[in-house]
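Me: Could you help me read this structure? I would like to begin with the sheet.

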Amino acid sequence: MAEAADEEIGDRPGVPRPRETATLIGHGAAEAAFAEGLAAGRLHHAWLIGGPMGIGKATLAYRVARRLLAYPRGDGPPGLDVPTDHPIYGQVAGLSHPNLVALRRHRGQGAKTLPTKISVDMVRKALDLFAATAADSGWRICVLDSAEDLNANAANALLKVLEEPPPRALFLILAHQPGRLLPTIRSRCRALILRPLADGEVASAVRALPPPFVQPDESALARAVGLSEGSVGRALGLVDPVTAGLVAEVETLLARSATPDWGRVLKLAETLAGRDGEERFAAAGDAVLRFVSAELDRRQGEPVARLAALVEVCEKFARSAREAATYNLDRRPVVLSLFADLSRAG
């Protein structure tokens, strides 16, 4: 029986991974901050790159890593670009460079599922890179994607090396919600917060994807961009026909949530409970938040208690969804409870 191929969070058919992506759309100020540090020879040892999921944090981190590994003495051209035919480009894309380690959740050869957390053992193995002298006396770089995936022991193990970093070490720590990190980790990093992209930038990023990515038609792209909240990753999820159909079904069921069609709700719950349902569950969750927000606007004249009940349903759903993700729980009860609560809230 063939072993499963390596799988990472955010993988999509036909879409290059961030470390395989040459250009970064938007975030010119963030690129300039790194370029200035490189040019001045004063690059902080740890950077906290924050911002919503799917806006380019990992793409920026790997651009920085490529640049430092390709020109470790700072002798390259201005900026962060590295030619795609440079040997380092392929090494970074394949995570085969001896001075680079990527610390992330992934399903390697032989594993059945993606891990739900980055464990302390995974951190310690990654940090072995910093225990020896770097090959060619260059930079040693760790890209952590993302910090929210660290369990408590793993976060403490990372903190120890951040407190006493070896020479020419660089930690690029990505965080979708930087405020949830340990304050002791945040205090040792230079924070660089990326903002959501403009709609035109999101559309440009999608249109720039090369084959085998199948470009959506303009109407599908426009809808996805409009719901993306400045995230290319979210837009890519929404142009996927399966995800788009799922979101449409969620929106239909939410519109009829006062009298749920339990057969369709059960089918939805089964779909979202599948092994590949993590990202689709997130897309469904976004649809729930949009629905509740629209309902609150529509029902402004109703008694405060009724509106508070609707807000409570939304908060309970968000809390249950986080717990399901954190502890790898069955998502079906979360979906069923949502529609039961919505029907009671009226």
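Reply: Two strands pair if DSSP finds at least two bridges between them. Helices (H or I, at least four residues) and strands (E, at least two) are DSSP runs, numbered from the N terminus. This is a predicted model, in which local features need pLDDT of at least 70 and side-chain atom pairs count only at pLDDT 80 or more, while totals for chains, interfaces and linings use all residues. Residues are numbered from 1 along each chain as its sequence is written, and side-chain values use heavy atoms, with hydrogens and water left out.

Me: What is the order of the five strands in the open sheet?
Reply: The order is 3-5-6-2-7, and the pairing is parallel. Strand 3 and strand 7 (190-193) are the edge strands, each pairing on one side only. From one strand to the next, the twist averages 15°; axes are lines fitted to C-alpha atoms, for helices over the stretch in contact, and angles run from 0 to 180 degrees between N-to-C directions.

Me: How many bridges pair strand 3 with strand 5?
Reply: Five bridges pair strand 3 with strand 5 (residues 140-145) in the parallel sense. Within this pairing, Val101 stands opposite Cys142, and Leu100 has Ile141 as its bridge partner.

Me: Is strand 3 buried or exposed?
Reply: Five of the five residues of strand 3 are buried, so the strand is largely enclosed by the rest of the structure. Buried means under 20% relative accessible area, exposed over 50%, and partly exposed in between (1.4 Å probe, protein chains only). On one side Leu100, Ala102 and Arg104 are buried, and on the other Val101 and Leu103 are.

Me: Why are there two sides?
Reply: In a regular strand, side chains alternate between the two faces of the sheet.

Me: New topic: where does Asn99 lie?
Reply: Asn99 is in the loop between helix 3 (87-93) and strand 3 (100-104). Asn99 counts as buried because its relative accessibility is 2%.

Me: And what does its side chain reach?
Reply: The side chain of Asn99 reaches the backbone oxygen of Trp139 at 3.2 Å.

Me: Back to the sheet: which strands does helix 1 lie across?
Reply: Helix 1 (residues 28-40) lies across strand 2, strand 6 and strand 7, and runs at about 155° to strand 7. Helix 2 (residues 57-70) also packs on the sheet, and strand 2, strand 3, strand 5, strand 6 and strand 7 are touched by this helix. Contact means heavy atoms within 4.5 Å.

Definitions and conventions:
A polar contact is a pair of N or O atoms within 3.5 Å; within protein, one must be able to donate a hydrogen and the other to accept it, and residues adjacent in sequence count only if both atoms are side-chain atoms.
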